[in-house]
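Here is a short briefing for a first look at this chain. Keep the view open while you read.

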Amino acid sequence: MNSDFKNIILAATNVIPIFGGAISVLIDKYIPDNLQKKRDKLLEEILNDLENIKEEINEDFLKSEDFTIVFLRIFNKAMIENNIIKSKIFRFILKNIALQNHKIDLETEMFIKLTEDLVTHQFYFLDKINKGENILKGVIYFTGLMDHKKYSLTGLENYGLIEQIDETSNYIKYKLTEFGKAFYLFIDYENIYKEVIAESSME
């Protein structure tokens with residue numbers, strides 16, 4: 001990847017609107033050092049991601065207005081996302097959009113919106129369903145959250161990502177729809193989880 005594109009990315013992130021102002025101004029005057037560190041780390045990871053796939057991407061597309069707009073949108077979301085998993089999902093989405101090498105289509109736009117709307121435990125359940133695991137009733141997968149159907153699974157059904165195929169007194173079984181399979185592959189959850197585990201083992 002040439003330095004021109006890196007400079008475009010670095011310059012663009014200095015004018016991302018966040019909480020009503022330019023990020024560079026907020027960082028200089030109001031935002032603690034840890035947010036500056038998060039920005040620098042995120043930028044480094046994104047540039048490394050793109051460097052690793054540079055033979056597969058079209059730099060003209062990366063320099064296009066279409067990609068720049070979606071980059072700013074997703075980078076901003078990743079910056080203000082507190083959950084590490086969801087922040088990484090936004091980052092991986094950028095890589096997959098870069099690999100498409102063409103104008104953002106309707107399906108990609110829908111995937112971006114879904115990522116913005118879903119909460120972390122819904123991604124977790126998508127992963128379990130993709131692996132063919134049953135969702136056990138009465139099991140606390142997340143602290144203080146027992147009614148998984150109400151708070152996680154019904155939402156995934158409403159978005160058309162999963163469909164129920166069986167239910168007993170002990171568990172509910174779902175499968176990913178074709179749309180759900182495409183979304184799951186797009187966010188690359190398995191590699192995100194591997195990255196989180198690897199980072200945790202190094203701490």
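## Overview

Among contacts in the chain between residues at least 6 apart in sequence, 68% join residues at least 24 apart; contact means heavy atoms within 4.5 Å. This is a predicted model, in which local features need pLDDT of at least 70 and side-chain atom pairs count only at pLDDT 80 or more, while totals for chains, interfaces and linings use all residues. Residues are numbered from 1 along each chain as its sequence is written, and side-chain values use heavy atoms, with hydrogens and water left out.

**The chain as a whole**

- The chain has 11 helices and 5 strands. Helices (H or I, at least four residues) and strands (E, at least two) are DSSP runs, numbered from the N terminus.
- Of the 203 residues in the chain, 43% are buried. Buried means under 20% relative accessible area, exposed means over 50%, and partly exposed lies in between (1.4 Å probe, protein chains only).
- The accessible surface of the chain is about 10,900 Å². Carbon and sulfur atoms hold 52% of that surface. The areas come from the Shrake-Rupley method with a 1.4 Å probe; for residues, only the protein chains shown count as cover.

**Helix α10 and its surroundings**

- Helix α10 spans residues 178–187. Its buried residues are Gly180, Phe183, Tyr184, Phe186 and Ile187.
- Seen down the axis of α10, these buried residues fall within an arc of 160°, so they line one face of the helix. The arc is that of the directions from the helix axis to the C-beta atoms.
- Glu178 and Leu185 are exposed on the other side of α10.
- The cover over the buried residues of α10 includes helices α6 (84–100), α7 (106–117), α8 (120–130) and α11 (189–202). Strand β5 (171–176) is also among the covering elements.

- Aspartate 188 sits in the loop between α10 and α11. Its relative accessibility is 16%, so aspartate 188 counts as buried.
- Aspartate 188 has a positive phi of about 55°, although it is not a glycine. Most residues other than glycine have a negative phi.
- Glycine 160 lies in the loop between α9 (148–158) and β4 (162–167). It is partly exposed, at 27% relative accessibility.
- Glycine 160 and glycine 180 are 20 residues apart in sequence. Their C-alpha atoms are 6.9 Å apart in space.
- Glycine 160 touches Thr177, Phe179 and Gly180, not counting residues up to four places away in sequence.

- Lysine 86 lies in helix α6. It is buried yet has no salt bridge.
- Which side chain of opposite charge is nearest to lysine 86? It is glutamate 81, 4.3 Å away. For charge, Lys and Arg count as positive and Asp and Glu as negative; His and the chain ends are not counted.
- A polar atom of the lysine 86 side chain lies 3.1 Å from the backbone oxygen of glutamate 116.
- Not counting residues up to four places away in sequence, lysine 86 touches Glu81, Thr115, Glu116, Asp117, Leu118 and Phe123.

**Salt bridges**

- The structure holds 15 salt bridges. A salt bridge is a side-chain nitrogen of Lys or Arg within 4 Å of a carboxyl oxygen of Asp or Glu.
- Lysine 113 pairs with aspartate 117, with the closest N and O atoms 2.8 Å apart. Both lie in helix α7, 4 residues apart, about one turn of the helix. Lysine 113 is partly exposed at 41% relative accessible area, and aspartate 117 is partly exposed at 33%.
- Lysine 54 and glutamate 51 meet through their side chains in a salt bridge (2.9 Å, N to O). Lysine 54 is partly exposed, at 36%. Glutamate 51 is partly exposed, at 24%.
- Lysine 131 forms a salt bridge with aspartate 127, at 3.0 Å between the closest N and O atoms. Lysine 131 is partly exposed at 47% relative accessibility, whereas aspartate 127 is buried at 8%.
- A network of salt bridges links Lys41, Glu45, Asp49, Lys88, Arg91, Glu195 and Glu199.

Technical notes. A polar contact is a pair of N or O atoms within 3.5 Å; within protein, one must be able to donate a hydrogen and the other to accept it, and residues adjacent in sequence count only if both atoms are side-chain atoms.
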